[in-house]
Amino acid sequence: MPANRTFQVKALSRVEGEGALYVKLDGDRVEHVELNIYEPPRFFESFLRGREIREVPDITARICGICPVAYQMTSCYALENALGVKVTPEIHALRRLLYCGEWIESHALHIHLLHAPDFLGFESGISMASEHGEAVERGLRLKKIGNQLLGLLGGRAIHPINVAVGGFYRAPNPRDLKALLPDLEWGLEASVEVLRMVSQFEFPDFEMPYDHVCLKHPQEYPMNHGRVVSSSGLDVPAAEYEEHFQELHCRQSTALHSMKVPEETTYLVGPLSRINHCFEQLSPTARREAEACGISFPSNNNFHSIVARAIEVIDAFEEAIELVRQYNGKLVQSRVDWEPRAGEGFHVTEAPRGLIFHRYRIGDDGLIAEAKIVPPTSQNQGQIEDDLRAFVPTVLSFDDADATRRCEHMIRNYDPCISCATHFLKVEFDRGEQPNDGSSLPRSR
Amino acid sequence: MSEKPKLAVFKFASCDGCQLSLLDCEDELLAVADAVEIAYFLEARTEQIAGPYDIGLIEGSVTTAHDAERIKEIRQQCKFLVTIGACATSGGIQALKNWQDADEFVRSVYATPEYISTLGTSTAIADHVPVDFELRGCPINRQQLLELIASLLQGRRPSTPSYSVCIECKRRMTVCIAVARGVACLGPVTQAGCDALCPAFARECFGCFGPKETPNVISLTNHYQKQGVDCAHLTRLTRSFNANSPEFKEASDLLSGEQPSADTGDH
């Protein structure tokens, strides 16, 4: 092996959006690690200024096609906070159901098509289907059921149109929802099988002293409400989020990195953090199966995130079944009325990839005067780089291609959503003179 | 069947939602992967098979100088180039920056603006290279995507409607919200393809499939103005996910200039 090696991935695959990895080694020492987010910036916070309050959830959905609901929901709650609107328990229940749909869809996609291929030695879910056809088909059906929930509640799975500040434009038809019950019940059983499958994977022995950050709620598994907690002892209301977390802008990225302040340390958000903090709030089946799966929580190995996702899919199915059974369509109103007024509001929810923060200021003209959006991946970006610095030395005995592949696998633990973070991620591995160019990239970078 | 047609999916400035639509074809995905070789699709697979490609699906708009060059290289590699979605077809929501000072935009989002390189505009793929077919929508309709792939395999032109959302609304027997409730709805001038979703959920169409063939947007907005709809609201309505499509742009520019316009008439 040459003394100065470079590992690089010019275009990360099986992630949402565009990023690259660059790692430069000086002997066994990691000289430089860069997760380069080169996806072009899109400036949502600027577009939102001067828009109507009711337009915001339609616009913020477009930040991410994989998790539009997380953006819509956080916008709605934050604006309701500014307007002094409190939604009814029925609307809250439907919102949780919508969130269940998105968690199922997003997690099933990541587990089966994006992440499992790394553990099973395939370059894609599609090629994995040649040997693991049943597992892939099961995953696709789970994903489809999540999308069906989104369709019934939101009108469509990508960029739902039925989400409004105050509630829903139209309440879903209880008959349509109840017709989905057999599929949801199948989904609950199938997701238990998925957990059993993924918990048998071989996990690299790689632990980090993560500061796990997520929402925590005394009764509910955290989706749309709760206090912000961290392993380092933080326990604050959403309103204080910005006092403890700040976004910094680095040269290699069109996404903003978040840091915990004042200590300026990285932290982890996402399914592993949620399971670690909120095991007690999991649904009964999710908890029972999690206890039996052979991985113990709390875990500081983010390769276990695929297990955490599978547990959350069980949880989401079980909760969805309960919510659909309880729903009778008799809402007093599908949407709480409100009048535009000046004010400021913020909210934190849990997107599939982790904590998401929104703040809006409404001007005297009733239009959006200022918007701030902190997506999960920009919060994780610093942690991904910290992980790489610690992980790279463990893969030095492998050749460049294999070491690079392992680093990419590690990055996928985060299910990074680069489109989100650009309100944007890049892997390159630099081992010095030897060009690592096995790929036939049809584009130049 | 070693010579399956090669399909490639490329991303520009976008939310990934339209390419996700291909993975959202849960029932058909494995069949599609059987019928065509998914040769380049970073979101779904690591292996990258070199071009040329038979079908190139382009998601996203051009917002950087680098991307303006990249699309030209891609065009040369693709026999049939299809834009998928509002970003690729008209510039997307990020085209709102075309109306503003991009430097000011960068400053307002990023603390260290000198690290960001971006063009002042977000433009449609067709503004840079010839496009063979476009799939509309924010996001696209996956049935239309399947129709596109099937038609290309069969060697025929894809069949997607060019009429307005109103036709779909009537077919669904949704009560017209513009007539019954006086809500400003872009259905009459927006291309069908969503199955008139928004009116069916008791809200206005906000034009996410872009203008239909020969729309008369200004006549429609004039009509709404006469009904008392606020001009600034109409500006925002026509200036969203397809803001940069010529017909919507013309209307929103006229509205924001608050110039009196000649009603061209036929609504």
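Two strands pair if DSSP finds at least two bridges between them. Strands themselves are DSSP runs of E, at least two residues long, while helices are runs of H or I of at least four, and both are numbered from the N terminus. Keep that in mind for the first stop.

Before that, some ground rules. This is a predicted model: local features need pLDDT of at least 70, side-chain atom pairs count only at pLDDT 80 or more, and totals for chains, interfaces and linings use all residues. Residues are numbered from 1 along each chain as its sequence is written, and chains are lettered from A and ligands numbered from 1 in the order in which they are written.

Start with a sheet in chain A. Three strands form it, in the order E11-E12-E13. It is an open sheet, and the pairing is antiparallel. Which strands are at the edges? Strand E11 (343-351) and strand E13 (368-374) of chain A, since each is listed as pairing on one side only. From one strand to the next, the twist averages 10°. For angles like this, axes are lines fitted to C-alpha atoms, for helices over the stretch in contact, and angles run from 0 to 180 degrees between N-to-C directions.

Look at E11(A) and strand E12 (residues 354-362) of chain A. They are joined by 9 bridges. In that pair, A:Gly345 stands opposite A:Tyr360 of E12(A). Helix H13 (residues 376-391) of chain A packs on the sheet. H13(A) touches E11, E12 and E13 of chain A, and its direction makes about 130° with that of E12(A). Contact here is between residues: their C-beta atoms, placed from the backbone, lie within 7 Å.

Next, two helices. Two packed helices are described by the angle between their axes and the distance between the axes. Take helix H10 (residues 271-278) and helix H12 (residues 305-326), both of chain A. Their axes come within 8 Å and cross at roughly 65°. H10(A) and H12(A) are therefore roughly perpendicular to each other. The cut-offs: under 35 degrees is roughly parallel, over 145 roughly antiparallel, 65 to 115 roughly perpendicular, and the rest oblique. The crossing of H10(A) and H12(A) is left-handed; that is, the near helix is turned anticlockwise from the far one by less than a right angle, and clockwise would be right-handed.

Who makes the contact? From H10(A), A:Pro271, A:Leu272 and A:Ile275; from H12(A), A:Ser305, A:Ala308, A:Arg309, A:Ile311 and A:Glu312. By type, that is 5 nonpolar, 1 polar and 2 charged. Ala, Val, Leu, Ile, Met, Phe, Trp, Tyr, Cys and Pro count as nonpolar, Asp, Glu, Lys and Arg as charged, and the others, Gly among them, as polar.

Now the two chains together. 54 residues of chain B are in contact with 54 residues of chain A. On the chain B side, H1(B) gives the most, with 5 residues. That side divides into 29 nonpolar, 12 polar and 13 charged residues.

One residue is worth a stop: A:Arg14. It sits in the loop between strand E1 (6-9) and strand E2 (19-26) of chain A. Is A:Arg14 buried or exposed? A:Arg14 counts as buried, because it has 24 C-beta neighbours inside 10 Å. The cut-offs are 20 or more other C-beta atoms within 10 Å for buried, 12 or fewer for exposed, and partly exposed in between, with C-beta atoms placed from the backbone. Leaving out residues up to four places away in sequence, A:Arg14 touches A:Leu114, A:Arg412, B:Glu43, B:Ala44 and B:Thr46. A:Arg14 and A:Ser124 are 110 residues apart in sequence, yet 7.7 Å apart in space, C-alpha to C-alpha.

On to chain B. It has 12 helices and 5 strands. Of its 267 residues, 56% are buried. In helix H10 (residues 217-226) of chain B, the buried residues include B:Val217, B:Leu220 and B:Tyr224. The buried residues of H10(B) pack against helix H11 (231-238) and helix H12 (246-256) of chain B.

Most residues other than glycine have a negative phi, and most peptide bonds are trans. The bond from B:Gly51 to B:Pro52 is cis, with omega near 0°. Another cis bond joins B:Cys138 and B:Pro139, with omega about 10°. In chain A, A:His159 has a positive phi near 55°, and A:His159 counts as buried, with 26 C-beta neighbours inside 10 Å. A:Glu264 also has a positive phi, about 55°, but A:Glu264 counts as exposed, with 10 C-beta neighbours inside 10 Å.

Definitions and conventions
Contact = placed C-beta atoms within 7 Å.
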